[in-house]
Amino acid sequence: MTAEDSDLASLSARDIASAVRARSLRAVDVVTSALERIRRVDPELCAFAEV
């Protein structure tokens, strides 16, 4: 499993947790992916005041 945004965005939290427990995905990759997605889409959405 890769940590690409599109892959992670399509997974449920349960699936991500299972992948982290199975060590096929690292927690740091999950967080990095989420932060990168926020950086990319937030200028349009204005959903976050500060990250």
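In which segment is Val-51 found? Val-51 is found in the segment after H3, where helices (H or I, at least four residues) and strands (E, at least two) are DSSP runs numbered from the N terminus. This is a predicted model, in which local features need pLDDT of at least 70 and side-chain atom pairs count only at pLDDT 80 or more, while totals for chains, interfaces and linings use all residues. Residues are numbered from 1 along each chain as its sequence is written, and side-chain values use heavy atoms, with hydrogens and water left out.

**Salt bridges**
- The count comes to 2 salt bridges, each being a side-chain nitrogen of Lys or Arg within 4 Å of a carboxyl oxygen of Asp or Glu.
- Arg-26 and Asp-29 meet through their side chains in a salt bridge of 3.0 Å, N to O.
- Glu-36 forms a salt bridge with Arg-39, with the closest N and O atoms 2.4 Å apart, and both residues lie in helix H3 (residues 27-45), 3 residues apart, which is about one turn of the helix.

**Exposure of the residues**
- Arg-26 counts as exposed because its relative accessibility is 52%, given that buried means under 20% relative accessible area, exposed over 50%, and partly exposed in between (1.4 Å probe, protein chains only).
- Asp-29, at 23% relative accessibility, counts as partly exposed.
- Glu-36 is partly exposed at 31% relative accessibility, whereas Arg-39 is exposed, with a relative accessible area of 53%.
- Val-51 counts as exposed because its relative accessibility is 64%.
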